[in-house]
Amino acid sequence: FSIAVLGGAAMSIQCLARMYLAKVTLVKRKKSILVVQSLMRRWACEKYLKSANVIALWCQAVYHGMMFRKQLVFQQYFALRIQAALRRFLGRLAFVETLNRIVLIQ
């Protein structure tokens, strides 16, 4: 075999080896890009989920506060009605007692 033939064969082998190494490097680079993209998507989804949870908790708190205030207003209304009825009863009772005293004195 001549040196020219061996040199040509060596160059072909080196070229194929470089191409293989370049492809392996490219595949590794693509995999690492996919991993980074996957991690970024995961981070964005987790961030969105946390903000959605915060919004949901806030809405629940507002709703429960509204219901509590509504129930409190309802209870206060009936407490006022009961107090008014009691004052009316006590006023009438005092009136009747005063009327009986007046009749007793005459």
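Trp58 counts as exposed because its relative accessibility is 58% (buried is under 20% relative accessible area, exposed over 50%, partly exposed in between; 1.4 Å probe, protein chains only). The model is predicted, with local features requiring pLDDT of at least 70 and side-chain atom pairs pLDDT 80 or more, while totals for chains, interfaces and linings use all residues. Residues are numbered from 1 along each chain as its sequence is written, and side-chain values use heavy atoms, without hydrogens and water.

Trp58 lies in helix H1, residues 3-105 (helices are DSSP runs of H or I with at least four residues, strands runs of E with at least two, numbered from the N terminus). The protein has one helix and zero strands. Its radius of gyration, taken over C-alpha atoms, is 45 Å, well over the 13 Å given for 106 residues by the globule rule, so the protein is more spread out than a compact globule; the rule is 2.2 Å times the number of residues to the power 0.38. The C-alpha trace spans about 155 × 10 × 10 Å along its principal axes. Of the 106 residues, 2% count as buried.

Two aromatic pairs are found in the whole structure (ring centres of Phe, Tyr or Trp, the last by its six-membered ring, within 6.5 Å; planes under 30 degrees apart are stacked, over 60 edge-to-face, the rest tilted). Phe74 and Phe78 pair edge-to-face, at 4.8 Å centre to centre and 70 degrees between the planes. Phe78 is partly exposed at 40% relative accessibility. The Tyr77 and Phe78 rings are also edge-to-face, with centres 5.1 Å apart and planes at 80 degrees.
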